[in-house]
Amino acid sequence: MDVIEYSLGTQQKAEVYINRLFAYLLDPKQPHRMNAEFLRAFLTGLPETCGFEEDIHDLSDVVVNEQVQLTKQADGETVSSGFVDLAVQVPNEWFLLVELKFAAEDTQTEFYRQEVTHIDGVPKDDYESGGYYLYLHQADRPDANDPEFSNWTWTAFVESVLTTFIAENAPQYPQRTVVQLHDFADDIRSITGMSDPTDNVDEKIELYLDHYDAIADVTATFETQWETFSHNWPARLSDRLETANQGSIRSENEYHVRFECANDAVGDWWFRSTSPDWGMLFKHGWWRSTDDLTDVLHERPDNRNDARIGFHHRLENDREQALRDNTLTLYFRNMGANDQSFNDAVADHFDTRADDIETALPEAASVTGNKRNMIAAEYDIAPDEHDDFFAAYVTALQRGFSELVAENPALITILDDIYTEAVADVYGTEIRMPSSQ
């Protein structure tokens, strides 16, 4: 698709064009010369409820298609079928199904998630890492019928992803691509009845060009420091905790630190930085192979048969919140890559113990009601009180770990019980948490 002629015409025709252009812009293989950058911005900006947790640094194998056939098959025969508006897939790894709505009501999401067995002829079970579902709709329309579809409004997408992407990246792309991005945003606003944004994008672009050299220099410097921090925060956090006499480092390598808390009641913890986005903090014993549940892990096995829970902070996804609002959010997560049966069991046991969990939470934390990120705690990042932003970030992280873990055996004991009970329910195996000795 070298050229897309784009005009509104009738609303139905406009919706088809928008869907078509959306797939074109997201697809790294198309000649818009954005490579995977717009797709990466889209995936990074997905609402938290989507639970998207895949590594998107390398998207060389990604496939983006519109109007993808979804089928329910039995005994090799198609029983029923439908077409989802947009599918983003990494074969054998993960998929994201996106239903795009402007006016019509939802009639398909329950079928897409609950009954479909094949995506474009490929069994759902072939995707080993995860499946994600997004319902993109107008703000005044009902949410998706299926509760596992994450709801996102066109307004939120335009304001949080599309407009920001245009303002920050337009100067580096061909004029035709920039025009297409602007038209895409304008026509979404027209169809959905959105008002024009208060910020003038053209003025921002002109200002960006006037100060390009200075912006490029400071941006490159910060990006280098941010990349370094995304890998070394475990070492910095464990050093700070050790200095505060909250425990000691048991082992350390480039991406993992095993930290023994001074309070034996909360055990040993892993700090993991293998992803530039997902900063993981989890108890030794909260990640196990489902092939042998006595096998305690700190990284994914090759066959991806595992069950895990843990805390995390999102370095890339929440970066704007950290830089603009000086706020760090720590989440307790029921991991999306788990088997659905295990996720459901964890959620059920969590809900049963909700009152006890609320009592054990520090003031900064709360139960979210979300089945993936089940607890969220916010902490201030105070750069003015430290040598630099990153030292302030680590201090906020230390406070969160202290309040939620090191000084909170009551909460950790409850979460231990939830994990062991879920394992027993799903896998029929009684397990015990390992001692810190």
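Colleague: At roughly what angle do the axes of helix 7 and helix 11 cross?
Modeller: Roughly 40 degrees, with the axes of helix 7 (residues 212–243) and helix 11 (residues 389–406) coming within 9 Å. That makes helix 7 oblique to helix 11, where under 35 degrees counts as roughly parallel, over 145 as roughly antiparallel, 65 to 115 as roughly perpendicular and the rest as oblique. Axes are lines fitted to C-alpha atoms, for helices over the stretch in contact, with angles from 0 to 180 degrees between N-to-C directions. Helices (H or I, at least four residues) and strands (E, at least two) are DSSP runs, numbered from the N terminus.

Colleague: And what's the model, and how are residues numbered?
Modeller: It's a predicted model, where local features need pLDDT of at least 70 and side-chain atom pairs count only at pLDDT 80 or more, while totals for chains, interfaces and linings use all residues. Residues are numbered from 1 along each chain as its sequence is written, and side-chain values use heavy atoms, leaving out hydrogens and water.

Colleague: OK, new topic. What's the strand order in the open sheet of seven?
Modeller: 5-4-1-2-3-6-7, with mixed pairing; two strands pair if DSSP finds at least two bridges between them. Strand 5 (122–123) and strand 7 (150–153) are at the edges with a single partner strand each, so one side of each has no neighbour in the sheet.

Colleague: How do strand 4 and strand 5 run, parallel or antiparallel?
Modeller: Antiparallel, with two bridges joining strand 4 (residues 118–119) to strand 5. His-118 has Pro-123 of strand 5 as its bridge partner.

Colleague: Which strands does helix 4 touch?
Modeller: Helix 4 (residues 154–169) packs on the sheet against strand 3, strand 6 and strand 7, and its direction makes about 70 degrees with that of strand 7. Contact means heavy atoms within 4.5 Å.

Colleague: What about Tyr-112, buried or exposed?
Modeller: Tyr-112 counts as buried, at 1% relative accessibility (buried is under 20% relative accessible area, exposed over 50%, partly exposed in between, with a 1.4 Å probe and protein chains only). Tyr-112 sits in helix 3 (residues 109–115). Leaving aside neighbours within four places in sequence, its contacts include Leu-70, Phe-83, Glu-99 and Tyr-133.

Colleague: Last one: how many residues of strand 11 are buried?
Modeller: Six of the six in strand 11 (residues 278–283), so strand 11 is largely enclosed by the rest of the structure. Strand 10 (residues 268–272) joins strand 11 through four antiparallel bridges, and the two form a hairpin with five residues between them. Strand 11 also pairs antiparallel with strand 13 (residues 306–314) over four bridges, with Trp-278 opposite Arg-314.
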